[in-house]
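Please open the structure in a viewer and keep the selection tool at hand.

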Amino acid sequence: MISASITNGINGSPNIPGDKSISHRSIIIPSISNGICEVNNLLKSDDVLHTLEAFKNMGVKIDEINDKVVIYGNGLNSLKKPKNEIYLGNSGTSARLLTGLLSSQKFNSILTGDKSLSKRPMKRISDPLKTMKANIVTTNGNLPLKIFGNNNLSPSNIKIEIPSAQIKSGLLLASLNTKGETIITEQRITRDHTETMLKSFGANIDIKKIGSKSKITISGQKELKSKNINVPNDLSSSAFFIVSALINENSFLKLKNINNNPTRNGLILALKKMGANISIINKRLSNNENICDMEVYSSTLNGCELGSEIADLMIDEYPILAVAASFANSPSIFRGLKELRVKESDRLELILSNLKNCGVKCETENDDLFIYPSKNYEIKTNIIKTEFDHRIAMAFAVMGTKIGPLQISDSDCIKTSFPSFVNELNKVGGKVY
Ligand code: S3P
């Protein structure tokens, strides 16, 4: 349990860790490529360490030298059958991506996870993989998952209805080791880190973005060639700092090397629409990912209405955006948040109940969230329930910097994505103990 109290301002330049999505991919893709890959700035959080451990267990040589992780890849079919079940902790990304990858290997495997991951839907990945004739047995739609590997899957034409980069990436990883051409169409574009990295590793991949859709064509069984990777810093982790500076007076933050991928930066668009004073500077490319530096000032925010089309570009940021909206001058409506119900917790429900406990008037109608901010909040209970969800814990720690003290229960879960969060927040003026 941590307690977050009112601050006098958030100032300085916190160290934001490496991007979680890119870190997972920076282990998975070099592990099945040919050659040596030096990964700089890999996020060493629980989720990513589970992916790292999984590949070590499948015989990949991985060295950790100072801040670098060095991965010695031996090609698409070089993984070895793991001796034990692969335990993935809380990590949905590891689970969905590895399901795809392992369904096209020549050995069988079993995936397991913690209590939260074991409740999350897995048919969303196993069903489309079955179109490719993958043989996966779920436990009532959840983990544990038994994967009967087969490196002779059928190339297919698959339409993904659920907006999910995890599903898309699982399918891409399965098609890498599948002879022939697989076509994956996303009805709504989601984060494209997998496609970007596969392309730079020499995969036979073609990506066409048509309006809000994307069509990816991949020809399998082409060996990949490793490259060194510099993981940019995580925008989703920065979001907690950005909002803490925006809502607290006398604040100014500088954030460096932040991933600003257009399939992922909906939060910045949303906050700017609300009147946030954020400057995006020094825009550049690194490993074909857009990165930038940011300057963030205390701001007077207005409420706004966001449609479901932006939800896919910022799905992890709604807990912290809801905190920002609670301190705006006018109400906000965030539409189309169905996917929030199947994250590390039912995030929509926890945003609602915790905001209400903080005295914020809010409601949901179907999958839309309505927030009616006020000048003063009367806290009903200062215990924040997180259900072990890292993003709920960090979002309400930021809420505590404005109306605290708030007690964040099970705050240990923060190490899922951002082990140094409390230290970094305190370094810039937070009061979290
Ligand atoms: C992720 C995709 C998103 C996101 C998750 C990371 C990824 O999940 O919520 O934190 O790395 O591909 P979905 O693709 O299921 O929406």
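**Salt bridges**

Across the whole structure, a search finds 28 salt bridges, a salt bridge being a side-chain nitrogen of Lys or Arg within 4 Å of a carboxyl oxygen of Asp or Glu. The model is a predicted one, in which local features need pLDDT of at least 70 and side-chain atom pairs count only at pLDDT 80 or more, while totals for chains, interfaces and linings use all residues. Residues are numbered from 1 along each chain as its sequence is written, and side-chain values use heavy atoms, with hydrogens and water left out.

Select arginine 120 and glutamate 344 first. Their side chains meet in a salt bridge at 3.8 Å, N to O. Arginine 120 is in the loop between strand S7 (108–112) and helix H4 (123–131), and glutamate 344 is in the loop between strand S19 (332–334) and helix H11 (347–357), so the pair ties together parts that are 224 residues apart in sequence. Helices (H or I, at least four residues) and strands (E, at least two) are DSSP runs, numbered from the N terminus. Both arginine 120 and glutamate 344 are buried; buried means under 20% relative accessible area, exposed over 50%, and partly exposed in between (1.4 Å probe, protein chains only).

Next, select aspartate 192 and lysine 209, which form a salt bridge whose closest N and O atoms are 2.8 Å apart. Aspartate 192 lies in the loop between strand S11 (181–186) and helix H6 (193–200), and lysine 209 in strand S12 (residues 204–210), so this pair ties together parts 17 residues apart in sequence. Aspartate 192 counts as buried at 11% relative accessibility, whereas lysine 209 is partly exposed, with a relative accessible area of 44%.

Then move to aspartate 368 and arginine 335, whose side chains meet in a salt bridge at 3.0 Å, N to O. This pair links distant parts of the chain, with aspartate 368 in strand S21 (residues 368–372) and arginine 335 in the loop between S19 and H11, 33 residues apart.

**The ligand**

Which residues are around the ligand? Select Lys20, Ser21, Arg25, Thr93, Pro163, Ser164, Ala165, Gln166, Arg191, Ile315, Asp316 and Lys343, where a residue is near a molecule if one of its heavy atoms lies within 4 Å of it.

Display the distances from oxygen atoms of the ligand. A polar side-chain atom of serine 21 is 2.7 Å from one, an N or O atom in the side chain of serine 164 is 3.0 Å from one, and an N or O atom in the side chain of aspartate 316 is 2.6 Å from one. The protein covers 96% of the 380 Å² of accessible area that the ligand has on its own, by the Shrake-Rupley method with a 1.4 Å probe.

**Helix H5**

Serine 164 caps the N-terminal end of H5, with a side-chain oxygen 3.2 Å from the backbone nitrogen of glutamine 166. H5 is mostly covered, twelve of its twelve residues being buried.

**A hairpin**

Finally, select strands S4 (residues 61–65) and S5 (residues 68–74), which pair in the antiparallel sense over five bridges; two strands pair if DSSP finds at least two bridges between them. Aspartate 63 has valine 70 in S5 as its bridge partner. Two residues lie between the strands of this hairpin, where asparagine 66 takes a positive phi near 50 degrees.

Methods. A polar contact is a pair of N or O atoms within 3.5 Å; within protein, one must be able to donate a hydrogen and the other to accept it, and residues adjacent in sequence count only if both atoms are side-chain atoms.
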